[in-house]
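Please look at the sequence and the structure shown here before reading on. The report that follows goes through a few of its features one by one.

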Number of protein chains: 4
Amino acid sequence: MPSTNKKQILDSDLARLVSCAREARGRAYAPYSHYAVGAAAMGKSGKIFMGCNVENAAFPSGLCAERVAIFKAVSEGEREIIALAVVTANHGSPCGACRQVLSEFARDNAVIVLAATRGSKWKRFTMKEILPDRFGRQDLLSV
Amino acid sequence: MPSTNKKQILDSDLARLVSCAREARGRAYAPYSHYAVGAAAMGKSGKIFMGCNVENAAFPSGLCAERVAIFKAVSEGEREIIALAVVTANHGSPCGACRQVLSEFARDNAVIVLAATRGSKWKRFTMKEILPDRFGRQDLLSV
Amino acid sequence: MPSTNKKQILDSDLARLVSCAREARGRAYAPYSHYAVGAAAMGKSGKIFMGCNVENAAFPSGLCAERVAIFKAVSEGEREIIALAVVTANHGSPCGACRQVLSEFARDNAVIVLAATRGSKWKRFTMKEILPDRFGRQDLLSV
Amino acid sequence: MPSTNKKQILDSDLARLVSCAREARGRAYAPYSHYAVGAAAMGKSGKIFMGCNVENAAFPSGLCAERVAIFKAVSEGEREIIALAVVTANHGSPCGACRQVLSEFARDNAVIVLAATRGSKWKRFTMKEILPDRFGRQDLLSV
C-alpha cells in the first residue's frame, strides 16, 4: 500500500486499543505455552477487533492473537488496519508471521503498540519499522 | 475430547449455518486464488461465528475461511464447536490444517456440512470421519 | 492425483523407512513441546528423505517432522511421495496440516506408517483413509 | 541468541550461496503463484542447505523457499544459520514468517542477501535489520 494515511491516530485511540487488547488477553487459549496474548486492531472505519492466541496440540496449527484480530477485521469487511495493540506479560513483540499478515492490510505508517498487562509504558513502532523491505502484492504481480 | 455430545444438531440449525457461511463468503479476500470460501461455526452456546478466507501475497501467510471462523469463536469465549458449515463454488472440503484446528475444539460427532453457493445438496461428515486417528492433546501430554 | 500406483511398497521398504524416521527423530529441535518426532518420506524414485520437528518460540512458526521430510523431498526434485513413516514416543498420528501437505504429492494408496521409538508394532493407513474427501488442485481449478 | 558471531562471512561465501539459491530455484513447485523462489542457508559448520518454494492447492499449507532451506538445515543437525541467500525474479524479500523461522537460529548479525535470477546487484541485510525487536525464546521463557 502507498504510504500516506490521512487519518491521524490519536493517543486516546491507542489507549482504547490497549485496553481492548488487555480484555481480549483474558480469553486466550494457551494451555501449551501458558503465554497469554491479547490484541486489538483498529480498522480504517474506526471499528475495533479483538483477538487472543488460540493454540493447538499440534503447535504449528495454533494462531497468534494479532492474527486472530486481523483476520477477524478483514472477515468483517475491513480492508485497512491503521493501528494494532498487543498485550503480553512482558511487552512481547509480534512474531514475523503476524507482521506479514498485518502488512497485507497496512500502510507504512500504521501504528503498532506493545503494552504489558498493566502500566502505561508502551513500545511503539510503525509498520515500516517493524517489517522493513516487506514482501507484498507488488512483488508478486510485477514479474 | 470424549465422544458424546448431548446437544443434538437440528437440520434447521445446519440450514442456518449454511446460510451464514454463504453470507460470509461475500466478504472473502481472495485476490490471488479467486476461490472465495465462506464458513460458519456453531459453538456449544448456540452462537454462530462467521469467517471467510483471507489471503496474503506470501501465500502461506493467508488463512482459510474455516479457521477464521473457528479462531473467532474461541477468541470470543467458545471452547467447543458443535457444527461447521463451509460454502464454496463446488462443495470443496476443508483442508487438513483446518480439520486440525477444528479438532482441538470438537468432539468426534461434531458435524461438518459442505455446501455450494446455491442449492440444498450438501455433503455431511462428522469430525471423526473427516480426520480419522487425529492427533490431539492426549498424544502430546501422555509422554 | 489418480488413484493407482504401479510401484508396490514392500514391507522391507517400510521397515527401512521406519528406521530412517527413528534416526531423524534424534535430531528433533523441540525445546518447547519436548515431543520429539521423526519422519521419513519415500519418493517415487525410491529415494528417502528424512525430517524432524523444528519448533519456534512463536509456536505457529514451527514445523512438524512430516512436513520437513516432504518439503525436503519436493525441493530435491521428487514430485510424488509413495510412503511416509512417522516415529514418536506413542504412535502419534500426523496432524491435519501434514496430511494436507502430503496430499499434494500423494496418490490415494500412498502408505502412512506410524511407529513408536522401538518395537515392531505399527499403525498403517493409506492417504485416502487418513484424509478422506481431500481438497486438492482439482477443486481449486475447476471453478 | 547473543549478538556476536566470530565467523566472518566472506563475499565469496555469499556468492556461492547466491549461486546455490539460483540452482534451487529451478526446482520450485509453484503451480499456483508462478513465482519461483530459491534459497540457500549456510550453517555455522559451513555447510549449505538449499530450498525452493513448495506450494499447495490450499494456499496456507504451502511453504516458502527460505523456510524449506532453514528447516532442512536444522533437521540435518545445524543449530545456527549464519547467512541466507534468496533468489527471485525481482529481488523479493523474505516474508515475515520466514524471518521468524530464521530468527530462532540466527544471531543479530547473520546476513541475508537478496538476488535476482541473474546479475550481481544484491540487497543485503542483517537479521536485526530485517526483523527488529524480534520475538524469541527469551520472551517466552521470562514470564
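In chain A the mean pLDDT is 95, with 95% of the residues at 70 or more. Residues 1-5 of chain A, however, have a pLDDT that stays under 50, although the model has 17 contacts beyond four places in sequence for them. Where pLDDT is low, the predicted coordinates should not be read in detail.

How can chain B be laid on chain A? A turn of 180 degrees with a shift of 0.0 Å along the axis does so, and the RMSD is then 0.0 Å. The two copies are thus related as by a two-fold rotation axis. Within chain B, the C-alpha nearest this axis belongs to B:Lys72 and is 3.3 Å from it. Both copies use the same surface, since 100% of the contact residues of chain B recur in chain A.

Helix 3 of chain A and helix 3 of chain D, each covering residues 96-103, pack with their axes 6 Å apart and at an angle of about 170 degrees. An angle over 145 degrees counts as roughly antiparallel, and the two helices are therefore roughly antiparallel to each other. The residues that make the contact are set out in the table.

| Helix | Contact residues |
|---|---|
| Helix 3 of chain A | A:Gly96, A:Ala97, A:Gln100 |
| Helix 3 of chain D | D:Gly96, D:Ala97, D:Gln100 |

Of the residues in this contact, two are nonpolar and four are polar, while none is charged.

Key. Residues are numbered from 1 along each chain as its sequence is written. Chains are lettered from A and ligands numbered from 1 in the order in which they are written. This is a predicted model: local features need pLDDT of at least 70, side-chain atom pairs count only at pLDDT 80 or more; totals for chains, interfaces and linings use all residues. Side-chain values use heavy atoms; hydrogens and water are left out. Axes are lines fitted to C-alpha atoms, for helices over the stretch in contact, and angles run from 0 to 180 degrees between N-to-C directions. Helices (H or I, at least four residues) and strands (E, at least two) are DSSP runs, numbered from the N terminus. Angles under 35 degrees count as roughly parallel, over 145 as roughly antiparallel, 65 to 115 as roughly perpendicular and the rest as oblique. Contact means heavy atoms within 4.5 Å. Ala, Val, Leu, Ile, Met, Phe, Trp, Tyr, Cys and Pro count as nonpolar, Asp, Glu, Lys and Arg as charged, and the others, Gly among them, as polar. pLDDT is the predictor's confidence in each residue, from 0 to 100. Copies are superposed by least squares on the C-alpha atoms of residues with pLDDT of at least 70 in both.
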